[in-house]
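Let's take a friendly walk through a protein model, one piece at a time. Have the sequence and the 3D view ready.

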Amino acid sequence: DLRTAIERGDYPAGGMLPTVRALREKYGATNDTVKSAFQVLQREGLIETGQGRRTRVVAQRQVIHKSASYLPSSASVMYAGGATWKQTLAASGMAGTQVLGRVGEVPAPHAVAEALCLEPGTPVVNRPRVMLADGVPVETADSYYLREVASGTAIAQQGLVRGGVYPVFAAQGFPLVEREETITVGPAAPADQERLGVPASAWVIRLTIVHRTHGGRPISVDVNVLRADRHQLRYTVPVHG
């Protein structure tokens, strides 16, 4: 209830939450139950509290997602997910970390197969990640690669890809020449709620990125789910007169 009230704006950033006594009376709860709720909200970065101090709502800093309208295709492009994420978060005064899930081949989900021009269920290499800001999950990132692009490379191995995936594309003869982004917004699905640790009332931004090489051939798809309350999408597009 407190989390929902904070997200709804009932308790604005910088404002105080009710006292333990007031919450105990409102919910018919014990001191320990109220304090446990405060501990959960504090771990999620929503409040700050301390001995002898009233509990205050913390202003949620935004993750600024910047995207260029095009990217160079040379192998000198350095795109390391961890490093870029750390740099992005550091610019906003936050610590960026990520948790890498199990890397391996999976049947391509229908939308991914369609984007890669494959039959549904065709094996692709998957790299699932959860991105954290100051230790709080704010984004999930699932990358899917054609087997012929990723097999035998660092992309298909457990661990971060040093130097990033774009140089790997180029080394395999698939230089990146186009990046297409599709954005949708809606309620968090049950899987999103579990991975991001958000309630059913939370909304998310779904950012799907298709990478293409020469001839418009798709070689990988990123499916990112971003907490809508913690992200701002920013685009700079050149104007051609």
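Asp134 sits in the loop that joins β6 to β7 (136–145); strands here are DSSP runs of E with at least two residues, helices are runs of H or I with at least four, and both are numbered from the N terminus. The phi of Asp134 is positive, near 55 degrees, in a residue other than glycine. With a relative accessible area of 41%, Asp134 counts as partly exposed (buried is under 20%, exposed over 50%, partly exposed in between, with a 1.4 Å probe and protein chains only).

A word on the model: it is predicted, so local features need pLDDT of at least 70 and side-chain atom pairs count only at pLDDT 80 or more, while totals for chains, interfaces and linings use all residues. Residues are numbered from 1 along each chain as its sequence is written, and side-chain values use heavy atoms, leaving out hydrogens and water.

Cys117 lies in the loop between α5 (110–115) and β6 (123–133). Its phi is also positive, near 60 degrees, and at 64% relative accessibility Cys117 is exposed.

Now find helix α3. Which residues of α3 are buried? They are Val34, Phe38 and Leu41. Seen down the axis of α3, these buried residues fall within an arc of 65 degrees, so they line one face of the helix (the arc is that of the directions from the helix axis to the C-beta atoms). The face turned away from that buried side carries the exposed residues Asp32 and Arg43. After α3 comes Gly45, with a positive phi near 80 degrees.
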